[in-house]
Amino acid sequence: NTEIGDFEALLDSYRNQQDSLVVRVEKDIDCSGQGGSGLTAIIEGGHPPYQWTWSSSDESGLTLEDVSEGTHALSVADSYGQTVLIEDIIIPTILDVEVDITHIDSDNPMGSIDLSIIGGEGPFDIIWSNGHDTDVLEGAVVGEYGVSIIDANGCSVDTTVSVIDMQNILDIDGNSYSAVQIGKQIWMVENLRVTKYRNGDPIPNRGIDAWDTVTHGTQGAYENNAENIDAFGLLYNWFAVSDSRNIAPDGWHIPTSQEYDELIEYVGWVSRPLRSSDFTLWNEQYYC
């Protein structure tokens, strides 16, 4: 009897060595972040029947659908008592990126772009349009830079970033303007003096006293005095401001009410409602 028991123990040990329980989990990640991610357990080896338990679900199947974001675990046991515990099964939040830009100015002869990756699951592949592959792009000159970020699940996010020269913003007439950063917004410091739309079409000059009678874009000097242009820029009626040919320099646009609201929230308080004449233009790169 002792010899038979020893043989059965030896046989069980041999079976366990030959049929080790192996478990893996395949993830089907919904990159849109709409809650459509799934998990599927793959069981190999061991000795059926198997028993398993998901840490975050009462469902009994090997496949879970519409799995919530967060960390999950799976425990599997076979009929021989072998167990496998898989922890840290991550369903990530949606992949996104925040961008911090150092623009070119008197203190920074070269710009830089610093990426902060949000959500997703590492490791991440970073692919810049100029061939760089790091989360910080140093030595950036004036221009646009595209970047793609791809996470371990194949989810991706793309964005385009512009580095500008804060001391030399040119309109189509060649006028130069400076800019200032307020919070995450970039505002031009000076009023426009441009006399053409972005495509080169002229903006007719009409005395501002006659604006009530015109139904097209027009511009004119403050108090109809050309000597005021250097100090105050030009004035534009709404037909010019809203024209699809655009009066703003390339890469800029007329600010929206939402952008004014963001400025007000950052500054904190103003003594009266803001008017369109209070500020000039808002750089497009922050509202891609």
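**Note on strands, salt bridges and surface patches**

1. Asp66 sits in the loop that links strand E4 (63–64) to strand E5 (70–77). Helices (H or I, at least four residues) and strands (E, at least two) are DSSP runs, numbered from the N terminus. Asp66 counts as exposed, because its relative accessibility is 58%. The cut-offs are these: buried is under 20% relative accessible area, exposed is over 50%, and partly exposed is in between (1.4 Å probe, protein chains only).

2. A word on the source. This is a predicted model, where local features need pLDDT of at least 70, side-chain atom pairs count only at pLDDT 80 or more, and totals for chains, interfaces and linings use all residues. Residues are numbered from 1 along each chain as its sequence is written, and side-chain values use heavy atoms, with hydrogens and water left out.

3. The nonpolar patch on the surface consists of Tyr222, Phe232 and Leu235. Together they have about 260 Å² of accessible area, by the Shrake-Rupley method with a 1.4 Å probe; for residues, only the protein chains shown count as cover. Phe232 belongs to helix H2 (residues 229–232). Phe232 is partly exposed, at a relative accessible area of 41%.

4. E1, E2 and E4 form an open, antiparallel sheet in the order E1-E2-E4. Strand E1 (22–28) and E4 are the edge strands, each pairing on one side only. Two strands pair if DSSP finds at least two bridges between them. Strand E2 (residues 38–44) and E4 are joined by two bridges and run antiparallel. Leu39 stands opposite Leu64 in E4.

5. E5 has pairings of its own. Strand E3 (residues 51–54) pairs with E5 in the antiparallel sense over four bridges, and Thr53 stands opposite Ser75 in E5. E5 also pairs with strand E6 (residues 83–91), antiparallel, over seven bridges. Here Ser75 stands opposite Leu85 in E6. The hairpin of E5 and E6 has five residues between the strands, and Gly81 takes a positive phi near 90°.

6. How many salt bridges does the structure hold? Eight, where a salt bridge is a side-chain nitrogen of Lys or Arg within 4 Å of a carboxyl oxygen of Asp or Glu. One of them joins Glu121 to Lys27, with the closest N and O atoms 2.7 Å apart. Glu121 is in the loop between strand E8 (111–118) and strand E9 (125–128) and Lys27 is in strand E1, so the pair ties together parts 94 residues apart in sequence. Glu121 is buried, with a relative accessible area of 17%. Lys27 is partly exposed, at 30%.

7. Glu190 and Arg193 meet through their side chains in a salt bridge (3.8 Å, N to O). Glu190 is partly exposed, at a relative accessible area of 26%. Arg193 counts as buried, at 18% relative accessibility.

8. Asp243 and Arg245 also form a salt bridge through their side chains (3.0 Å, N to O). Arg245 counts as partly exposed, at 31% relative accessibility.

Note on methods
Patches are made of residues with over 30% relative accessible area and no salt bridge: like charges are joined within 9 Å, nonpolar side chains (Val, Leu, Ile, Met, Phe, Trp, Tyr) within 5 Å.
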